[in-house]
Amino acid sequence: MHITIIRGLTAAALAVSTVPAMAQTMDHSSHGEQSQSMPMDHPAQDMNHADHMAAMNNDVAGAEAALTAYRTALTARDADAMTALFAKQSFVYENGKDEGTFTHYMEHHLGPELDAITSFTFGEPTIAVTRMGHMAYGRETYTYRIELADGRVIDREGVATSVLTHDADGWKIVQYHSSSRAPRSE
């Protein structure tokens, strides 16, 4: 019995003593974290890693601006401005359909529709963005009204979710998913 207790205590001591050593040598790079010895991109050079990550995660203004700029470019029917906001390798989903990259979506779906639109307006937009390191995800709600050259008017309630990534060129949308429906009668 005495030997069993000693073995148990030895095993527990070894287990406890190896955790800090393993934690100190663990590579966090696959989790998007930088080690303390790596240089960081921020104005306050004395900011520690935890403070840097917290500040970065709280800064959502750039990602919000990219999503707002997309809505603005859409209402202006500015294809070049919209395209500039999307990553080259992006994914667009609209009303349950995979539209491919934004370039494909613009060439085969949205672009031809823009020529038929005489007016495009958004109402009641909301936007919420959560940043996670060099990525962010956005959630939007809105209403919109499209007036077409043939006289038809389309009124819809819509929602969108998006994933954005940040690099040296700023924020780019890598995935955008929107859906809409006719307004409910109340």
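How much space lies in the largest pocket? About 450 Å³ of space lies there, where a pocket is an open set of points on a 1 Å grid over the protein atoms alone, with protein on both sides within 12 Å along at least five of seven lines, and lining residues have an atom within 4 Å of a point. The volume is the space filled by probe spheres set on the points, which are joined across faces, edges and corners.

This is a predicted model, in which local features need pLDDT of at least 70 and side-chain atom pairs count only at pLDDT 80 or more, while totals for chains, interfaces and linings use all residues. Residues are numbered from 1 along each chain as its sequence is written, and side-chain values use heavy atoms, with hydrogens and water left out.

The predictor's confidence in each residue is given by pLDDT, from 0 to 100; the protein chain has a mean of 79, and 69% of its residues reach 70 or more. Over residues 1–44 pLDDT stays under 50, and for this stretch the model has 16 contacts beyond four places in sequence, a contact being heavy atoms within 4.5 Å.

Among the 25 residues that line the largest pocket, Glu94, Tyr105, Phe120, Tyr144 and Ile146 are the closest to its centre. Helices (H or I, at least four residues) and strands (E, at least two) are DSSP runs numbered from the N terminus, and those giving two or more residues to the lining include α3 (61–76), α5 (102–116) and β3 (117–132).

Leaving aside neighbours within four places in sequence, the contacts of Met82 include Tyr70, Phe102 and Leu110.

Two further residues are buried (under 20% relative accessible area, with a 1.4 Å probe and protein chains only), as the table shows.

| Residue | Strand | Relative accessible area |
|---|---|---|
| Leu148 | β4 | 13% |
| Ser162 | β5 | 2% |

Beyond four places in sequence, Leu148 is in contact with Ala116, Ile117, Thr118 and Ile154, and its C-alpha atom is separated by 8.9 Å from that of Phe120, 28 residues apart along the chain.

Terms used
1 Å grid on protein atoms, 1.4 Å probe; cavity = no way out; pocket = protein on both sides within 12 Å on 5 of 7 lines; lining within 4 Å. Buried < 20%, exposed > 50% of the residue type's maximum accessible area, 1.4 Å probe, protein only.
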